[in-house]
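Welcome, and thanks for taking a look at this one with us. Please have the sequence and the 3D view open as you read on.

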Amino acid sequence: ALARAWMWQKSLDSGKYTSIEELADKNDINPSYISRMLRLNLLAPDIKEAILNGTQPRTFNLQGMLTPFPESWEEQAKCFGFK
């Protein structure tokens, strides 16, 4: 999910796709799903690292990450159960 969010953001930033709607249409994916996935790019670097290393808390899952979460990295850590 992190890799997909990063790839989609890069495609938007580079101009390959001009909007989330165009990206969604070309990939046959719901635009609201893409919007929620793109928020993963806002996760704190240490949270991303833990996910990629497989050391995130057991209660931490994709479903929880797709709901609105705090922008503050410190608040994210508290919200998602990181120490």
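## Buried or exposed

A residue counts as buried when its relative accessible area is under 20%, and as exposed when that area is over 50%. Keep in mind that this is a predicted model.

## Gln 76

Let's start in helix 6, which spans residues 73-80 and holds Gln 76. The relative accessible area of Gln 76 is 0%, so this residue is buried. Setting aside neighbours within four places in sequence, its contacts are Leu 42, Leu 43, Ala 44, Ile 47, Phe 69, Pro 70 and Glu 71.

## Leu 40

Next, find the loop between helix 3 (31-38) and helix 4 (45-53), where Leu 40 sits. Leu 40 is also buried, because its relative accessible area is 0%. Not counting residues up to four places away in sequence, Leu 40 touches Ala 1, Leu 2, Ala 5, Lys 48, Leu 62, Met 65 and Leu 66. Between Leu 40 and Glu 71 there are 11 Å in space, C-alpha to C-alpha, with the two lying 31 residues apart in sequence.

## The largest nonpolar core

Which residues touch the most other members of the largest nonpolar core? They are Leu 40, Leu 43, Ile 47, Phe 80 and Phe 82, out of 22 residues in that core. At least two core residues come from each of helix 1 (2-14), helix 2 (20-27), helix 3, helix 4 and helix 6. Helix 1 gives the largest share, 4 residues.

Phe 82 is worth a visit too: leaving out neighbours within four places in sequence, it contacts Ile 47, Ala 50, Gln 56, Pro 57, Phe 60 and Ala 77. In soluble globular proteins, nonpolar side chains tend to be buried together.

Definitions and conventions. Residues numbered from 1 in each chain as written. Predicted model: local features only at pLDDT ≥ 70, side-chain atom pairs only at ≥ 80, totals over all residues. Heavy atoms only, no water. Buried < 20%, exposed > 50% of the residue type's maximum accessible area, 1.4 Å probe, protein only. Contact = heavy atoms within 4.5 Å. Core = buried A, V, L, I, M, F, W, Y, C linked by side-chain atoms within 4.5 Å.
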